[in-house]
Amino acid sequence: MDKPTRQFHVRIQEALNDPQIRANFRRAMDGLMTKRANMFPDPVELERLRDLGAAVRRNALAQLPELLERLEAKCAENGITVHWAESVDEANRIVLDICRRHSAKSVIKGKSMVSEEMELNHYLGEFGIEALEADLGEYIVQLAGQLPSHIVMPAIHMNTRQIAELFAEKLEGVGYIEDAEELTKVAREILRHKFFDADVGVSGVNFAVAETGSLVLIENEGNGRLTTTAPPVHVAVTGIEKVVENLEDVTPLLSLLPRSATGQNVTTYVNMISGPRRDGERDGPQEVHLLLLDNGRTRIHADPELRQTLQCIRCSACMNHCPVYARIGGHAYGTVYPGPIGEILMPQILGCEEVGALPGASSLCGACGEVCPVRIPIPKMLVRLRKEAVDNTGASPVKGGGAQRSFGEAATWKGWEKVHASPALYRLATRTATAMGGLPALGPLKTWASVREVPKPAAKTLHQRLEERGNSR
Amino acid sequence: MEAEHAYPGQRPRQVYLFGTCLVDLFFPEAGVDTVSLLEREGVKVIYPKDQTCCGQPAYNSGYHDEARIVARQQVRLFPGDAPVVVPSGSCASMMKHHYLDLFRGEPDFADVEALSRRVYELTEFLVRVLNVRLNDLGAPEKVAIHTACHARREMGVAGDADALVDQLANVERVGFTRQTECCGFGGTFAVKHGPISAAMVSEKVDCIEAAAPDRLVGGDCGCLMNIGGHMRHRGSPVKVQHIASLLWERTDG
């Protein structure tokens with residue numbers, strides 16, 4: 001087992017041993033699953049909507065280069081400056097340059113997973129620029145010096161008591177208040193001033209519309225609207241895959257995303273950003289920038305099956321319904337995107353050397369694929385990425401393909417193949433097991449036996465019994 | 001994945017049984033009871049003796065060349081038109097759905113496709129093809145059903161096991177909390193991620209025990225080995241069985 005995989009197993013064990021993590025996630029995921037189910041009472045309507053959502057995303061990806069060019073041209077017409085970044089480093093430098101041009105000292109941020117991918121806060125901090133998270137959940141994890149454990153609800157791993165303790169410890173003049181509403185009020189009061197003091201606002205983007213050059217941003221707290229309107233400069237960061245062709249394409253996605261994510265019909269705020277403040281307008285930023293990050297996405301896009309990863313609209317339904325995520329939580333994955341979508345996306349971005357073991361952390365139960373609003377066949381892709389991780393052709397399209405292949409495991413499967421491809425060998429093996437009456441609880445069986453009785457081979461195999469019965473041919 | 005299932009208009013006179021490797025070695029009773037149920041319906045059951053494993057363990061582990069070699073060995077054992085009945089939703093789905101991916105572009109793809117169309121999960125076959133009518137002769141009891149994830153989400157046959165148990169007049173079918181959640185088996189997942197799998201199965205058994213059934217049945221021996229193994233480990237009173245055994249035992253006059 002390589003070092004990253006070993007560390008992954010250590011984090012899993014730590015999470016499983018933490019009763020607080022277990023309880024917080026179980027409760028939260030149960031709630032989110034119920035809320036989503038209540039939003040889609042009609043299965044026929046749900047499937048129709050999923051078809052629409054999937055079609056919109058597939059259509060966009062099928063013409064991605066053209067749509068990105070159209071998006072750039074339309075944005076330019078609207079006065080939005082478009083930047084392209086192939087790597088995270090390049091993306092960070094672009095944001096830093098914009099900040100420096102405006103002598104920015106402080107940046108206020110709306111929620112953005114791409115900025116997490118960039119580790120933007122840390123990067124800006126190294127250059128003396130304070131980046132403050134304005135989404136309540138993000139604010140909490142930033143205050144705690146942690147990373148988000150969920151892509152929609154970043155602080156879902158904490159309960160009210162833990163947040164109350166955090167606020168009392170980190171915020172000057174704030175005592176211990178174990179009341180969610182009061183805690184929210186405290187954060188709002190602190191953040192309110194920061195919005196107006198900030199030199200630059202950084203936000204994410206849910207959908208970038210090529211037809212109109214507008215950026216759609218949905219949120220519940222108003223922090224997105226303030227981030228994108230109060231500071232003089234707004235920088236929207238997003239992945240190149242977030243483009244859709246037409247404004248009407250946004251309709252099914254807007255209908256699917258909040259319902260799949262948090263079980264809301266619609267988010268409190270739906271922002272349509274179509275450029276900087278125009279002459280005669282009283283508010284809005286003077287400059288709007290759109291930063292389009294690649295970070296491995298072009299490579300993912302090149303493979304027709306793997307491309308489906310990019311259909312994702314980051315709703316989090318897959319992790320909310322994942323029995324593995326519900327037990328180990330987001331941090332155990334050790335990646336920006338956790339859960340099923342993370343298991344298929346992260347190996348393609350970071351490479352199989354680093355996180356090739358992620359797709360293995362699934363029982364392939366299919367709950368993720370069943371709820372995905374844009375029909376990403378996540379279980380199928382988990383299997384595909386397991387294959388790429390142990391590829392021995394040297395031609396894997398995935399970064400670091402084959403890195404997880406070990407001599408021992410490959411030899412085991414070769415041996416398995418030899419036995420099961422030969423009826424005579426197979427019968428010999430099963431009859432030997434039958435005659436021995438069981439297998440010693442060694443190796444993998446030891447893990448099994450720690451919480452289960454080890455199954456005993458039957459006295460006679462089905463082969464033998466049906467031979468006697470006269471069914472064999 | 002939720003491929004359309006075509007059902008033969010006429011009641012087939014004979015079927016093949018693909019028994020699965022787990023049933024062969026650990027749960028032959030489930031296989032024999034499957035044969036008994038089918039034969040009672042007047043269907044001749046042929047068991048090709050060279051069958052081994054559908055190939056799913058290697059396939060799900062990413063070793064597709066090895067899986068294909070083993071799968072190919074099975075494909076040639078089921079010539080003609082007879083349906084192939086599988087007492088496992090997971091193995092049935094492997095042959096019905098995943099074989100198509102595994103053999104895409106291979107010279108024998110057409111054979112594989114023809115086979116995949118004839119593959120049925122047992123409860124699906126009993127309900128939708130044979131339209132069985134069960135006469136319950138057993139004493140009153142409470143039965144809970146664990147439907148395997150692949151039977152539910154890939155084969156789409158979760159309702160068929162329910163329908164069969166509901167035909168048993170003296171059986172009360174009991175539901176339990178988080179019934180549709182995975183039991184934590186997942187093939188090699190149970191050993192590769194033993195601790196997560198253990199957490200999943202112990203919570204699954206908590207939920208089952210809270211409903212206090214006399215028996216838990218399912219259509220997949222992988223799940224049953226996992227759930228039943230954990231139940232016996234913790235000394236649970238619930239009896240665990242393949243659904244074929246429940247159906248045969250209670251209706252065999």
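This is a predicted model: local features need pLDDT of at least 70, side-chain atom pairs count only at pLDDT 80 or more; totals for chains, interfaces and linings use all residues.

Reader: Into which domains is chain A divided?

Author: Chain A is split into domain 1 (1–39 + 318–405), domain 2 (65–295) and domain 3 (410–469). Taken over C-alpha atoms, the centres of domain 1 and domain 3 of chain A are separated by 30 Å.

Reader: And which domains does chain B have?

Author: Chain B has domain 1 (14–129) and domain 2 (141–251). The contact between them takes 29 residues from domain 1 of chain B and 22 residues from domain 2 of chain B. Their centres, over C-alpha atoms, are 22 Å apart.

Reader: Back to chain A. At what angle do H16(A) and H19(A) cross?

Author: The axes of helix H16 (residues 339–350) and helix H19 (residues 378–389) of chain A cross at roughly 35° and come within 10 Å. The crossing of H16(A) past H19(A) is left-handed.

Reader: Which residues make that contact?

Author: H16(A) contributes Pro340(A), Glu343(A), Ile344(A) and Gln348(A). From H19(A) come Ile378(A), Met381(A), Leu382(A) and Leu385(A).

Reader: Why are Arg50(A) and Glu47(A) separated by about one helical turn?

Author: Both belong to helix H3 (residues 43–62) of chain A, and they are about one helical turn apart because they lie three residues apart in that helix.

Reader: Finally, which residues form the nonpolar patch on the surface?

Author: The patch consists of Leu247(A), Val266(A), Val270(A) and Met272(A), which together have about 300 Å² of accessible area.

Reader: Where is Val266(A) found?

Author: Val266(A) sits in the loop between helix H12 (250–261) and strand E9 (269–273) of chain A.

Terms used:
Residues are numbered from 1 along each chain as its sequence is written. Chains are lettered from A and ligands numbered from 1 in the order in which they are written. Side-chain values use heavy atoms; hydrogens and water are left out. Patches are made of residues with over 30% relative accessible area and no salt bridge: like charges are joined within 9 Å, nonpolar side chains (Val, Leu, Ile, Met, Phe, Trp, Tyr) within 5 Å. Accessible areas come from the Shrake-Rupley method with a 1.4 Å probe; for residues, only the protein chains shown count as cover. A salt bridge is a side-chain nitrogen of Lys or Arg within 4 Å of a carboxyl oxygen of Asp or Glu. Helices (H or I, at least four residues) and strands (E, at least two) are DSSP runs, numbered from the N terminus. Domain bounds come from an automatic or database domain assignment. Axes are lines fitted to C-alpha atoms, for helices over the stretch in contact, and angles run from 0 to 180 degrees between N-to-C directions. A crossing is left-handed if the near helix is turned anticlockwise from the far one by less than a right angle, and right-handed if clockwise. Contact means heavy atoms within 4.5 Å.
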